[in-house]
Amino acid sequence: GFVSLFGVSVMSGVLFVSRTNRLRADSGLDIIDAVREAAVVQLRPCLMMILLALLGMLPAAMHFGIGSDVQRPLATVIVGGLTCVLLLTLLVLPSFYLAFDPRAWREALAARAKTPEKARPEARE
């Protein structure tokens, strides 16, 4: 159970970080805009991947028949872990990405302070 949970959580984190790095490199967005756009763009794939795995394990987590004494604890751990992974990937990972590159974050904030709101290039849709 932990192996599959670890795989799903790493996959969603790698998707977010690679999308953010690609946005920063290709389109020249600053770190704040790149993190924001990557979080919005990766929302749907992350939700689909995690909710599909979560919905697949939900019947095993709520089963009370023969053999459920082995399956129910495993499914309960996976359902709870996937719920935590969903929240952590969408809320905490963008904050950690910003925190681990403080120089780029400070530069982006300084550039935003100098540039008026209307002149700032918007993130792609």
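Ground rules. Residues are numbered from 1 along each chain as its sequence is written, and side-chain values use heavy atoms, with hydrogens and water left out. The model is predicted, so I kept local features only at pLDDT of at least 70 and side-chain atom pairs only at pLDDT 80 or more, while totals for chains, interfaces and linings use all residues.

Entry 1, ring pairs. I looked up rings of Phe, Tyr and Trp (its six-membered ring) whose centres lie within 6.5 Å, with planes under 30 degrees apart called stacked, over 60 edge-to-face and the rest tilted. I got two aromatic pairs. The centres of F16 and Y97 are 6.3 Å apart and the planes stand at 85°, so I logged this pair as edge-to-face. F16 is in helix 1 (residues 2–26) and Y97 in helix 4 (residues 68–99), so the pair ties together parts 81 residues apart in sequence. Helices here are DSSP runs (H or I, at least four residues), numbered from the N terminus.

For F96 and F100 I noted centres 6.1 Å apart and planes at 80°, so this pair is edge-to-face.

I used relative accessible area with a 1.4 Å probe and protein chains only: buried is under 20%, exposed over 50%, partly exposed in between. F16 is buried at 3%, and Y97 is buried at 13%. F96 is partly exposed at 47%, and F100 is exposed at 71%.

I checked its contacts (heavy atoms within 4.5 Å). Leaving out residues up to four places away in sequence, T20 touches A34, V35, A38 and Y97.

Notes:
Helix = DSSP H or I, 4+ residues; strand = E, 2+ residues; numbered from the N terminus.
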